[in-house]
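Please read them with the structure open.

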Amino acid sequence: MNKQESDVLYCLYNEPFINQRILAEMSGHSLGVVNRSVKNLIGNGYLDDHVQLTAKARAEFALKKPENAIILAAGFGMRMVPIHTSVPKALLEVNGERLIDRLIRQLQETGIREIIVIVGFMVESFEYLLDEPGVELIYNPEYAVKNNISSLYLAADRISNTYIVPCDLWCDRNPFHRHELYSWYMVSDLVDEASDVRVNRKMELVKVPESAGGNGMTGICYLTKEQGALVRERISAYVLDAAYNHKFWEEALYQADRMIVQARVVHASDVVEINTYEQLRDLDADSDHLKSDALDVISKVLHCDTENITDIEVLKKGMTNRSFLFHCNNRKYIMRIPGEGTGRLINRRQEADVYRIIRGKGLCDEPVYINPDNGYKITEFLENVRVCDKHNTDDIKLCMEKLRSLHHMNLQTDHTFDLFGQIMFYESLRDNTPSVYPDYEQTRERVFSLREYIDAREKQWCLAHIDAVYDNFLFYDGDDGSRQLQLTDWEYAGMQDPHLDIAMFAVYALYNKQQTDWLADLYFEGRCEETVRVKIYCYMAACGLLWSNWCEYKRTLGVEFGEYSLRQYRYAKDFYRYAAEKMTDWNRNK
């Protein structure tokens with residue numbers, strides 16, 4: 001039985017046959033398709049000569065009847081900035097009803113009595129669902145470091161005549177049925193550039209090139225026992241492969257260039273995905289969850305109503321903060337919201353003092369607003385901005401010139417960035433939990449042994465940026481049309497040896513020893529002295545240990561940096577060795 005025949009049979013299950021024309025209207029297929037389908041259904045024993053369902057047809061409905069549902073509700077909902085930290089997406093309210101409550105109610109209305117909800121972020125918020133008959137919670141401890149393929153794996157053994165449902169949908173009409181006859185994946189009739197599938201004439205979901213635009217993917221899927229067994233097998237294999245850690249569960253639906261299930265197309269207004277603040281506001285402008293202290297700050301600082309804060313767009317998640325772009329009073333701004341655990345890592349009063357010191361010196365964007373208590377910051381958006389290309393020689397030269405310019409200003413502040421003290425501080429944040437690296441103590445001892453060499457070297461002592469990552473060097477168009485360069489994100493800035501900024505740039509850019517030597521020579525406009533070069537090696541080792549510990553702390557908060565974390569730890573070991581070899585050579589030649 002193909003999809004068209006199944007659709008016709010489904011219509012006949014719900015309504016008695018009158019004539020083919022009415023059946024065509026009900027099924028959404030052409031009169032010709034309906035005529036062929038009825039003929040085939042009779043020939044195959046699903047309909048009798050009076051176009052009534054046979055026992056064979058009713059057995060088919062019983063065999064494929066929906067048995068349960070799995071709702072995926074574990075994620076952070078990062079794109080909901082500026083409200084993402086206050087409530088999980090599943091608990092957002094539209095017209096006074098939580099998204100997940102509505103989905104559960106709609107499932108129950110169609111006879112589903114077994115509903116598994118996979119939870120993670122703010123798991124305690126979902127406890128009340130356990131009072132709902134037939135609802136079960138499964139906690140995904142990896143929700144912060146893996147995508148929803150890991151969530152579905154936890155309930156994979158339950159996939160059998162199953163609805164799989166994301167938690168962030170508002171379904172105006174109930175998308176679930178008491179009976180299904182085939183597996184399908186729901187897409188909308190709206191073109192979405194982020195979608196990688198499109199419905200073809202055979203109602204198959206075929207892959208399209210990246211950014212080509214496909215049908216909007218709602219995320220709702222129905223799997224019969226047959227396709228469910230295949231998906232279970234694939235997901236069980238995928239979770240063992242790190243390459244799938246950040247994949248969506250839909251990867252298990254693809255076979256070559258198409259999905260193994262049929263398309264079910266709905267109108268875009270019938271099923272609405274809520275991924276952003278703007279989408280929630282469009283759906284329900286009176287939702288209580290639109291309230292945000294960040295928007296209240298914007299309203300007060302820019303003297304506007306919150307309704308006039310528009311075009312909110314989440315920017316790429318940073319390693320410390322989350323930021324969003326918005327329009328207000330015909331201008332563009334960026335608001336920074338500190339990330340999880342940042343309050344323990346950064347002294348916001350010291351940061352505000354740095355911005356006071358560098359104001360008007362052409363070093364950075366001038367904050368429209370900065371709060372020294374919570375770290376909220378508003379700056380004007382710079383048009384046509386690009387970050388430094390760490391592989392572009394001209395870019396790197398300009399960045400080193402900018403660092404020299406900062407250091408030659410010899411700016412002074414009251415606080416110091418204590419490199420080795422910060423390493424010990426980050427260690428303390430692990431609360432006596434051992435490092436994930438078995439040889440950490442040996443590595444630490446070696447890196448700390450370099451402090452004697454660093455302290456013995458003569459240094460200029462001035463305001464250093466510290467967070468001199470290449471992404472923090474911004475190229476943009478000035479008011480006169482000239483190309484400008486500035487440094488952003490001064491959260492860690494403090495009094496230090498300016499040569500530490502060179503080392504920081506190199507570790508962030510993941511430069512090797514040869515590239516680091518080249519960078520130092522650029523900074524010194526020729527050739528770096530060997531004693532200074534070795535000092536930079538020492539700083540590289542210490543920086544690697546510093547940011548490795550920072551990554552370990554962030555991991556405890558559910559934020560994972562993968563290869564970056566590993567590379568930083570390698571800097572601690574490798575650049576200790578480079579520095580130690582140079583020191584050995586000197587001692588031998590004395």
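1. Helix α2 (residues 20-27) and helix α3 (residues 31-43) have axes that come within 9 Å and cross at roughly 105°. Axes here are lines fitted to C-alpha atoms, for helices over the stretch in contact, and angles run from 0 to 180 degrees between N-to-C directions. The two helices, α2 and α3, are therefore roughly perpendicular to each other; that label covers 65 to 115 degrees, with under 35 counted as roughly parallel, over 145 as roughly antiparallel and the rest as oblique. On the α2 side the contact is made by Q20, R21, L23, A24 and S27, and on the α3 side by L31, V34, N35 and V38. Contact means heavy atoms within 4.5 Å. By type, the residues of the contact of α2 with α3 are five nonpolar, three polar and one charged. Ala, Val, Leu, Ile, Met, Phe, Trp, Tyr, Cys and Pro count as nonpolar, Asp, Glu, Lys and Arg as charged, and the others, Gly among them, as polar.

2. On the source: this is a predicted model, in which local features need pLDDT of at least 70 and side-chain atom pairs count only at pLDDT 80 or more, while totals for chains, interfaces and linings use all residues. Residues are numbered from 1 along each chain as its sequence is written, and side-chain values use heavy atoms, with hydrogens and water left out.

3. For the chain as a whole, the secondary structure comes to 18 helices and 24 strands. Helices (H or I, at least four residues) and strands (E, at least two) are DSSP runs, numbered from the N terminus. The C-alpha trace spans about 105 × 55 × 45 Å along its principal axes. Of the 590 residues, 54% count as buried, where buried means under 20% relative accessible area, exposed over 50% and partly exposed in between (1.4 Å probe, protein chains only). Among contacts between residues at least 6 apart in sequence, 71% join residues at least 24 apart.

4. Which residues have the most contacts inside the largest nonpolar core? They are I358, M400, F473, W490, M504, F505 and W547, in a core of 81 residues. A nonpolar core is a set of buried Ala, Val, Leu, Ile, Met, Phe, Trp, Tyr and Cys residues joined through side-chain atoms within 4.5 Å. Helix α17 (residues 530-556) gives the most to this core, with 16 residues. Another core, of 72 residues, lies apart from it and has A90, I115, F324 and C328 among its members.

5. W490 deserves a separate look. Leaving out residues up to four places away in sequence, W490 touches E351, V354, Y355, I358, L363, C364, L406, L463 and H465.

6. An open sheet of three strands runs in the order β20-β22-β23, with antiparallel pairing. Two strands pair if DSSP finds at least two bridges between them. Its edge strands, β20 (386-387) and β23 (483-487), each pair on one side only. Strand β22 (residues 473-477) is joined to β23 by five bridges, and L474 stands opposite Q486 in β23. Helix α11 (residues 393-408) packs on the sheet and touches β20, β22 and β23; the direction of α11 makes about 105° with that of β22.

7. Another open sheet has five strands in the order β15-β16-β17-β19-β18, with antiparallel pairing. Here β15 (310-314) and β18 (369-370) are the edge strands, each pairing on one side only. Strand β17 (residues 331-338) pairs with strand β19 (residues 377-380) over four bridges. I334 stands opposite T379 in β19, and M335 has I378 as its bridge partner.

8. Most residues other than glycine have a negative phi. A256 has a positive phi, near 60°, and sits in the loop between β12 (254-255) and β13 (258-266). A256 is exposed, at 68% relative accessible area. L510 likewise has a positive phi, of about 60°, and lies in the loop between α15 (499-508) and α16 (513-523). With 24% relative accessibility, L510 counts as partly exposed.
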